[in-house]
Amino acid sequence: MQNLELKKGMLVQEVGWDEDCDPALSEAVEDLIGSVLLEDDTDEVVDVVILWWRQGDGDLVDRLMDVMGPLSDDGCVWVFTPKTGLDGHVEPAVIAESAQTAGMMQTKTGGLGEWAGARLALRKGSVPKR
């Protein structure tokens, strides 16, 4: 969990959570930040968006554009996808290409149990819409 670079007091929005997600990961994030995760419809400006994403969830570029809305200028998006070989796995190249199209860049990856995480940050000159 340390590789997510989360700190106490950060506002973190969770998007795309479903029954197949790992509730222990969500709870660990809440423990790190000291508060509950914000839902899809928050009006808050957030530091981090956690996006649970699986193959078949739709167009990742569109979804990234949506989650950039409440993101602070120096915020990031963590895309969690099932690891290779698991149902719903998304190839890392798809995430990297979608990020680039959405005005973001992949800066880090890491494993979180049965989920893989990809950290996406706004490219310089890309300002989230509010």
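Which residues of the largest nonpolar core touch the most other members?

Mentor: This is a predicted model, in which local features need pLDDT of at least 70, side-chain atom pairs count only at pLDDT 80 or more, and totals for chains, interfaces and linings use all residues. Residues are numbered from 1 along each chain as its sequence is written, and side-chain values use heavy atoms, with hydrogens and water left out.

A nonpolar core is a set of buried Ala, Val, Leu, Ile, Met, Phe, Trp, Tyr and Cys residues joined through side-chain atoms within 4.5 Å, where buried means under 20% relative accessible area with a 1.4 Å probe, protein chains only. The largest such core has 22 residues, and L51, L64, V77, V79, M104 and L120 touch the most other members. Two or more residues each come from β2 (46-52), α2 (60-68), β3 (71-82), α3 (92-101) and β5 (115-122); helices (H or I, at least four residues) and strands (E, at least two) are DSSP runs, numbered from the N terminus. The largest share, 5 residues, is given by α2.

Leaving aside residues up to four places away in sequence, L120 touches L64, C76, V77, V79, I95, A99, M104, M105 and Q106, contact meaning heavy atoms within 4.5 Å. Apart from this core lies another, of 17 residues, including W52, C76, F80 and W115.

As for the two helices, L60, V61 and L64 in α2 meet V94, I95, S98, A99 and T101 in α3. The residues of this contact divide into 6 nonpolar, 2 polar and no charged, with Ala, Val, Leu, Ile, Met, Phe, Trp, Tyr, Cys and Pro counted as nonpolar, Asp, Glu, Lys and Arg as charged, and the others, Gly among them, as polar.

Terms used
Buried means under 20% relative accessible area, exposed over 50%, partly exposed in between (1.4 Å probe, protein chains only).
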